[in-house]
Amino acid sequence: AAAELDTAGGYGPWADAAIRLRAEVGTADRDTALVVDRAYAHAELGPIAAEIGRDVVVLGPEAPTLVGWSASAPPLDHVRLSGVRPLALSERVHVNAVYVLGRLAAPQTYPGDLVSIARAQVDIDRISLGVMQLLQLGGDGAPGFSFWDFVLEHVRRRDPSASPSDSSNRRVGLDLAAHLDALGGMRITYQLMFEDLRHEIVSAVRYDADHVLGVQTRWLTVEWQRTGVRSYEHTPRLTGFTSGGRIVGDPLGPAAQAVLVAGRIAVRGCMAMPWAEVARLASDTYTFPDPGPVTRTGSGPAELRFRIGARGRVPLGEGLAIEPEVALEDVERAAFVPGARHVNALFRAALVWRPSTSASTIGGR
């Protein structure tokens with residue numbers, strides 16, 4: 001069981017701060033834990049927005065699955081700079097960018113690892129194109145960096161040896177989103193994220209990249225995903241791109257494919273969001289010579305996961321609402337063992353109170 005308390009305040013559109021405290025009962029040590037889940041300050045300085053503190057970071061197109069940095073990762077201790085709003089280059093073209101420098105939570109191969117996240121997006125009419133780079137470096141025991149080394153590491157690797165002296169771990173990618181007003185506001189998104197850079201682009205796209213293709217309407221979402229054979233993994237940083245033991249993108253796992261179908265149903269002020277997913281996780285083996293293409297060296301059994309679930313929101317009045325969630329999963333050939341089967345179930349419910357507060361009470365924010 002857990003309880004959370006959110007509070008926030010600010011002045012006009014220029015500055016605000018927020019804190020979220022969470023109390024958990026029934027943790028691993030059977031004790032009550034009080035944690036600061038979020039605590040940050042945000043300010044707008046002319047065209048620049050700045051934030052410092054602990055907060056959730058979500059970067060990428062509007063889609064259920066994000067393979068760059070998603071809400072799957074815990075809140076990150078970081079500083080962030082971005083544009084307050086997209087900059088108009090012309091009537092049809094707008095651009096924006098965001099830069100985040102944070103500290104990854106343990107466990108990490110090198111305690112205190114830094115993560116540098118840069119993303120830029122250009123909007124042309126109803127089409128958006130984004131590019132992103134995640135850079136993991138630093139930490140106790142990692143090769144030392146001067147400020148200039150840190151800057152240059154964003155555009156080249158000082159040591160790409162994949163040995164203990166390796167200078168960084170990198171993920172780069174792009175995404176595309178298109179709004180189709182002629183089809184009732186349908187939205188199509190595509191994401192491509194590489195696990196580091198390789199000379200053989202065809203081999204990297206086929207084996208060493210994550211792909212997500214999604215189609216969204218107001219009431220229905222269909223999404224296909226395929227992950228690279230070492231997605232979010234890297235040597236010598238055996239923890240890969242994780243923070244607090246959780247993958248920073250989508251936690252499907254490497255060498256996997258999945259199809260998701262989700263709906264939204266509104267009934268008398270309530271909202272129901274049923275979904276179903278089929279996932280296949282492979283255990284094939286590969287080699288990664290550089291230079292040279294990625295090559296499959298062996299095949300193994302595949303694990304299958306069949307998942308169904310639903311989330312909902314039921315208003316109770318006076319700012320109260322109950323938000324239940326239920327899910328059921330059937331795992332065939334669990335852990336790649338023929339004949340092994342697991343059945344997992346989840347039920348969770350949150351009672352949420354959002355008190356009504358006048359704008360003047362919080363300085364108009």
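Setting aside residues up to four places away in sequence, S203 touches D208, P293 and V294, where contact means heavy atoms within 4.5 Å. The place of S203 is in helix α2; helices (H or I, at least four residues) and strands (E, at least two) are DSSP runs, numbered from the N terminus. With a relative accessible area of 8%, S203 is buried, a word that stands for under 20% relative accessible area, while exposed means over 50% and partly exposed lies in between (1.4 Å probe, protein chains only). A polar atom of the S203 side chain lies 2.7 Å from the backbone nitrogen of V294. From R119, S203 is 84 residues away in sequence and 25 Å away in space, C-alpha to C-alpha.

The model is predicted, so that local features need pLDDT of at least 70 and side-chain atom pairs count only at pLDDT 80 or more, whereas totals for chains, interfaces and linings use all residues. Residues are numbered from 1 along each chain as its sequence is written, and side-chain values use heavy atoms, with hydrogens and water left out.

The predictor's confidence in each residue, from 0 to 100, is called pLDDT; its mean for the protein is 89, and 95% of the residues reach 70 or more. Over residues 358–365 pLDDT stays under 50, and for this stretch the model has 15 contacts beyond four places in sequence. Where pLDDT is low, the predicted coordinates should not be read in detail.

Rings of Phe, Tyr and Trp (its six-membered ring) pair if their centres lie within 6.5 Å, with planes under 30 degrees apart counted as stacked, over 60 as edge-to-face and the rest as tilted. By this rule the count comes to 2 aromatic pairs. One of them is formed by Y207 and Y286, a tilted pair with 5.5 Å from centre to centre and 55° between the planes. This pair links distant parts of the chain, since Y207 belongs to helix α2 (residues 201–207) and Y286 to strand β19 (residues 285–287), 79 residues apart. Y207 counts as buried at 14% relative accessibility, and Y286 counts as buried at 19%.

A nonpolar core is a set of buried Ala, Val, Leu, Ile, Met, Phe, Trp, Tyr and Cys residues joined through side-chain atoms within 4.5 Å. The largest such core has 18 residues, of which W69, L76, V115, I117, L134 and V248 touch the most other members. Strands β7 (93–103), β8 (114–124) and β9 each supply at least two residues of this core. Apart from it lies another core, of 6 residues, among them V229, A255, A282 and Y286. Not counting residues up to four places away in sequence, the contacts of W69 include L76, V115, I117, L134 and V248.

Q136 lies in strand β9 (residues 127–137) and counts as buried because its relative accessibility is 0%. R20, in strand β2 (residues 15–24), counts as buried at 16% relative accessibility. The table lists side-chain polar contacts of these residues, a polar contact being a pair of N or O atoms within 3.5 Å; within protein, one must be able to donate a hydrogen and the other to accept it, and residues adjacent in sequence count only if both atoms are side-chain atoms.

| Side chain | Partner side chain | Distance |
|---|---|---|
| Q136 | Q108 | 3.0 Å |
| Q136 | D113 | 2.9 Å |
| R20 | D6 | 2.8 Å |

Leaving aside neighbours within four places in sequence, Q136 is also in contact with other residues, including S168, N169, R237 and F241, and R20 with residues including E4, V35 and D37.

A charge sits over a ring if NZ of Lys or CZ of Arg is within 6 Å of the ring centre and within 35 degrees of the ring normal. The charged end of R171 sits over the ring of Y232, 3.8 Å from its centre, and that of R230 sits over the ring of F288, 4.8 Å from its centre.

Some backbone features remain. Most residues other than glycine have a negative phi, and most peptide bonds are trans. The peptide bond from A106 to P107 is cis, with omega near 5°, and P107 is found in the loop between β7 and β8. E318, which is not a glycine, has a positive phi of about 60°; this residue is exposed, with a relative accessible area of 75%.
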